[in-house]
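Here are some notes to read alongside the model, written as numbered points. Please keep the structure open while going through them.

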Amino acid sequence: MTNTEKKYGLGIHTSSPELGLAITDFAEDIRWQTWNLGRDLSTHLHQKLQEFLSPQTWQDLSFIAVAKGPGSFTGTRIGIVTARTLAQQLNIPLFAISTLAAVAWSYKNQDRDLSLQMPAQRNQLFTAIYQLEEMGINPLLEETLMTPEAWEETLKNWQNSYELIKVENGLGESVLSLLELAHLEWQKGKRSHWSTALPFYGQHPIIERGSMAAGRDVTYNVLQRSKHQNN
């Protein structure tokens, strides 16, 4: 299969205990599934990926989309490391999409600004405000960490009408929205390199070297087993 014949996008959402995977050719073939894996997400991620991908193969993928957070520290890190390694080995683009943006896109029939808040540690909130557009999502307030008081003040002074969305559990269910946002970027001609995909934990994007190496080794083994099975 040549590069021009690749037509599938793969979405990976691990920013909560609920794993979400999606794959589509953005025409007729579309599949998505979630698993509530809890603390076993890291143990079962690669097996679920391998099983979910079939009957497609890794070589069918045009690009990968991954949730970059905010969300679970460990889950987000695992997803980013896995997606980066896959994109690097397959030499395809990788789009890192905000968890909050993916949730907002699932409300794409709304014509008001969308204000999202999600619980964070130390009694703080992950927050963002978006404007939905036909060809993507416009962040009016980038994802940031706030105290409830600061967020309340922000909304109080917001000049546009908005809908407040309180994000709780079930983040994996937005994996299809995540993939759709990545596809819109793809249609605009963007080809994000895997090295630019970094997790968002609320402050500075970080990838620990030890975790990166461990995730890279496991994902590489999955790709190698897939090649042997296809031969």
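How many aromatic pairs does the structure hold? It holds six of them, where rings of Phe, Tyr and Trp (its six-membered ring) pair if their centres lie within 6.5 Å, and where planes under 30 degrees apart count as stacked, over 60 as edge-to-face and the rest as tilted.

1. Please bear in mind that this is a predicted model, in which local features need pLDDT of at least 70 and side-chain atom pairs count only at pLDDT 80 or more, while totals for chains, interfaces and linings use all residues. Residues are numbered from 1 along each chain as its sequence is written, and side-chain values use heavy atoms, with hydrogens and water left out.

2. A pair of aromatic rings is described by the distance of the centres and the angle of the planes. Phenylalanine 63 and phenylalanine 95 form an edge-to-face pair, at 5.5 Å centre to centre and with 90° between the planes. This pair links distant parts of the chain, since phenylalanine 63 belongs to strand S4 (residues 61-67) and phenylalanine 95 to strand S5 (residues 94-97), 32 residues apart; helices (H or I, at least four residues) and strands (E, at least two) are DSSP runs, numbered from the N terminus. Phenylalanine 63 and phenylalanine 95 are both buried, a word that stands for under 20% relative accessible area, with exposed over 50% and partly exposed in between (1.4 Å probe, protein chains only).

3. Ring pairs also join Phe26, Phe63, Phe95 and Trp186 into a cluster. Over the ring of tryptophan 186 sits the charged end of arginine 191, 3.4 Å from its centre, the rule being that NZ of Lys or CZ of Arg is within 6 Å of the ring centre and within 35 degrees of the ring normal. Arginine 31, in turn, lies over the face of phenylalanine 52, at 4.9 Å from the ring centre.

4. Five strands form an open sheet with mixed pairing, in the order S3-S2-S1-S4-S5, and two strands pair if DSSP finds at least two bridges between them. The edge strands, strand S3 (30-36) and S5, each pair on one side only. Strand S1 (residues 8-13) and S4 run parallel and are joined by five bridges, with isoleucine 12 standing opposite valine 66 in S4.

5. Which residues touch the most other members of the largest nonpolar core? Among its 31 residues, these are Leu100, Leu116, Tyr130 and Val167, a nonpolar core being a set of buried Ala, Val, Leu, Ile, Met, Phe, Trp, Tyr and Cys residues joined through side-chain atoms within 4.5 Å. Helix H5 (residues 175-187) gives the most to this core, with seven residues. A second, separate core of 26 residues includes Ile12, Leu41, Ile64 and Ala87.

6. Leucine 53 is placed in helix H1 (residues 41-53), and it counts as buried because its relative accessibility is 3%. Apart from its neighbours within four places in sequence, leucine 53 is in contact (heavy atoms within 4.5 Å) with Ile23, Arg31, Trp58 and Leu61.

7. Strand S7 is mostly covered, as seven of its nine residues are buried. S7 pairs in the antiparallel sense with S6 over six bridges, and in the antiparallel sense with strand S8 (residues 136-146) over eight bridges. S7 and S8 form a hairpin with two residues between them, and threonine 127 stands opposite threonine 144 in S8.

Notes
Axes fitted to C-alpha atoms, helices over the stretch in contact; angles between N-to-C directions.
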